[in-house]
Amino acid sequence: MACLLSLKGAGTFGGAGVSATIGLDLNHNQNGRLSVQMSDCRSQADQISVNLGGPLGVAVKTYDYFKSLFRGLFNNQ
């Protein structure tokens, strides 16, 4: 399948009130090798911010603008 549109750009991600829980199982076998298995991985954030640059950032900002514009137009009573 051919890609009709490809947008790329650098981005930064940030958050506030971020916490993570990661459960690891460590196993030592008879040959002396240690293996690690992730048994649990949960994350939570009170706030998440994303800042995208390049054409991808412009596309996202344009989408957000029109989304809020139409939401404002059709939600007014």
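Q: Buried means under 20% relative accessible area, exposed over 50%, and partly exposed in between (1.4 Å probe, protein chains only); where does Leu 24 fall?
A: Leu 24 has a relative accessibility of 49%, so that residue counts as partly exposed.

Q: Which element is Leu 24 in?
A: Leu 24 belongs to strand E2, where strands (E, at least two residues) and helices (H or I, at least four) are DSSP runs numbered from the N terminus.

Q: And the model itself?
A: The model is predicted, with local features needing pLDDT of at least 70 and side-chain atom pairs 80 or more, while totals for chains, interfaces and linings use all residues. Residues are numbered from 1 along each chain as its sequence is written, and side-chain values use heavy atoms, leaving out hydrogens and water.

Q: How many helices and strands are in the chain?
A: The chain has four strands and one helix, and along the sequence they follow the pattern β-β-β-β-α.

Q: What share of the chain is buried?
A: Of the 77 residues in the chain, 3% are buried.

Q: Switching topic, how many aromatic pairs are there?
A: There are two aromatic pairs in the structure. In one of them, Tyr 65 and Phe 66 have ring centres 5.2 Å apart and planes at 75 degrees, so this pair is edge-to-face (Phe, Tyr and Trp rings, the six-membered one for Trp, pair with centres within 6.5 Å; planes under 30 degrees apart are stacked, over 60 edge-to-face, the rest tilted).

Q: Which residues make up the aromatic cluster?
A: One aromatic cluster is formed by Tyr 65, Phe 66 and Phe 70, and within it Phe 66 is partly exposed, with a relative accessible area of 39%.
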